[in-house]
Amino acid sequence: MAVPLYALIDNNLPRMAEFREAFTEVAGSGQFILGPMVADFERQLADYCGVGHAIGVGSGTDALVISLMALGVGPGDEVITSPLSYVHTAGSILRLGATPVFCDINPRTYNLAINSLEGCVTERTKAVVPVHLYGQMCKMGPIMEIAGRHGFKVLEDGDQAIGARYDGRLAGTIGDLGIFSFFPTKNLAAMGDAGAVVTDDDALAEKVRKLRVHGLEPGYTVHDLGGNFRLDAIQARVLSIKLPDLEEQNQRRRELADRYARHLDDLPLSTPMEADDRLHTYNHYTVRVRSGGRDALAGHLDACEIGNRVYYPRPLHLLPCFEHLGYAPGSLPVAEQASQEVLSLPIYPEMTRAQQDEVVEAVRDYFRAE
Ligand SMILES: Cc1ncc(COP(=O)(O)O)c(C=O)c1O
């Protein structure tokens with residue numbers, strides 16, 4: 001039996017009647033961008049997060065760019081972030097003319113290594129973007145402490161971690177700002193591109209809202225230039241319908257992760273490590289295969305039609321677009337090694353026991369034959 005990496009349609013099937021109703025509602029409303037449906041979703045998301053403000057935007061990337069703009073990041077500034085992430089993190093920093101500073105990662109959680117963070121701070125550090133990778137939050141306590149002591153801002157990239165917790169606190173709600181992507185593979189998934197910024201800071205929220213529509217102010221004037229970062233009403237309605245299911249679906253992912261761990265534990269691979277003070281929401285179930293076996297395992301899974309993917313095959317500091325920053329192979333050894341050894345297996349709330357057994361069997365089969 002083939003098992004896909006994602007089951008994007010299955011995730012929508014139980015709510016199909018509500019989606020039909022919502023599409024009819026939007027089609028007949030004439031308000032296709034922003035408007036009351038977006039405002040409703042923003043209220044709902046802010047309540048879920050327990051923060052004062054949620055601002056819907058066009059994508060997770062938009063959320064990051066607009067948040068950096070609201071923090072005033074620009075030429076001459078440095079922003080510390082992770083080398084093991086989607087390209088948008090460092091890319092957004094560079095797009096604004098600032099310099100990404102890559103901090104190596106913890107080899108077990110794949111998140112920013114706290115003992116490397118302080119060494120990345122300079123007098124030009126304007127912010128840090130901790131990326132909550134695979135669904136597990138960074139160690140936010142020490143990050144907030146270091147940022148507070150040096151006087152720079154914290155922008156949490158919660159794109160893969162909506163609903164995750166650190167010391168009981170939700171992803172996105174600890175830093176000055178938090179961002180989410182609702183890309184269709186995320187735990188809260190739109191039917192297209194969508195994202196959001198959350199914050200408790202009234203002034204930052206106001207800036208983000210203004211920048212979302214080019215920075216326009218009453219009387220058609222602009223002081224701080226923004227862009228088109230708006231969210232569509234149709235995506236807001238989809239997200240409003242799906243948000244109430246998020247906690248239960250994250251719990252289902254956790255059960256699947258637990259079962260994977262029990263069935264894979266005796267094999268020569270590392271299953272994900274959930275830190276004691278965190279609640280992991282498993283946007284990805286990422287195992288680690290040492291000693292060059294990762295690509296062979298991936299090839300075997302491909303042959304068995306088991307979905308799998310490497311997040312991410314090249315650390316950001318070694319991409320040609322960041323070459324001018326002066327990093328070289330060996331600069332960030334933990335992230336570089338992780339990129340050679342990580343492999344994500346299928347995990348989604350709708351996954352059946354039979355599907356999971358199939359994945360487990362295929363992985364076990366590989367090590368049996370090895
Ligand atoms: C960690 C992380 N940040 C940001 C993004 C980008 O979000 P979007 O695709 O919504 O722009 C992604 C993936 O899509 C991601 O995995």
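Asp-258 forms a salt bridge with Arg-262, with 3.6 Å between the closest N and O atoms; a salt bridge here is a side-chain nitrogen of Lys or Arg within 4 Å of a carboxyl oxygen of Asp or Glu. This is a predicted model, in which local features need pLDDT of at least 70 and side-chain atom pairs count only at pLDDT 80 or more, while totals for chains, interfaces and linings use all residues. Residues are numbered from 1 along each chain as its sequence is written, and side-chain values use heavy atoms, without hydrogens and water.

**Salt bridges within helices**

- Both Asp-258 and Arg-262 lie in helix α9, 4 residues apart, about one turn of the helix; helices (H or I, at least four residues) and strands (E, at least two) are DSSP runs, numbered from the N terminus.
- An α-helix has 3.6 residues a turn, so residues three or four places apart point the same way.
- Asp-258 counts as partly exposed at 44% relative accessibility, whereas Arg-262, at 55%, counts as exposed; buried means under 20% relative accessible area, exposed over 50%, and partly exposed in between (1.4 Å probe, protein chains only).
- Arg-368 and Asp-365 form a salt bridge with the closest N and O atoms 3.1 Å apart, and these two residues are 3 residues apart in helix α12 (residues 353–369), about one helical turn.
- Arg-368 is exposed at 52% relative accessibility, and Asp-365 is partly exposed at 33%.

**Other salt bridges**

- A search of the whole structure finds 24 salt bridges.
- Asp-277 pairs with Lys-139 in a salt bridge, the closest N and O atoms being 4.0 Å apart.
- That pair links distant parts of the chain, 138 residues apart: Asp-277 is in the loop between α9 (246–264) and β12 (278–279), and Lys-139 is in the loop between β4 (125–129) and α6 (140–150).
- Asp-277 is partly exposed, with a relative accessible area of 21%, and Lys-139 is partly exposed at 35%.

**Domains and their interface**

- The domain assignment of the chain gives domain 1 (13–244) and domain 2 (246–369); such bounds come from an automatic or database domain assignment.
- The centres of the two domains, taken over C-alpha atoms, are separated by 24 Å.
- Their contact (heavy atoms within 4.5 Å) takes 45 residues from domain 1 and 38 residues from domain 2.
- Domain 1 and domain 2 bury about 3,500 Å² between them, 56% of it on carbon and sulfur atoms; buried area is the accessible area (1.4 Å probe) that two parts lose on being put together, summed over both.
- Phe-102, Tyr-134 and Asn-187 supply 21% of the area that domain 1 buries against domain 2, more than any other three residues.
- The rule finds 2 salt bridges across this interface.
- Arg-165 and Glu-247 join their side chains in a salt bridge of 3.4 Å, N to O.
- On the side of domain 1 that touches domain 2, α4 (88–95), β3 (99–102) and β6 (165–166) each supply at least two residues.

**Helix α3**

- Helix α3 (residues 60–70) is mostly covered, with 9 of its 11 residues buried.
- The buried residues of α3 include Leu-64, Val-65, Ile-66 and Leu-68, and also Asp-62.
- Just after α3, Gly-72 takes a positive phi of about 80°.
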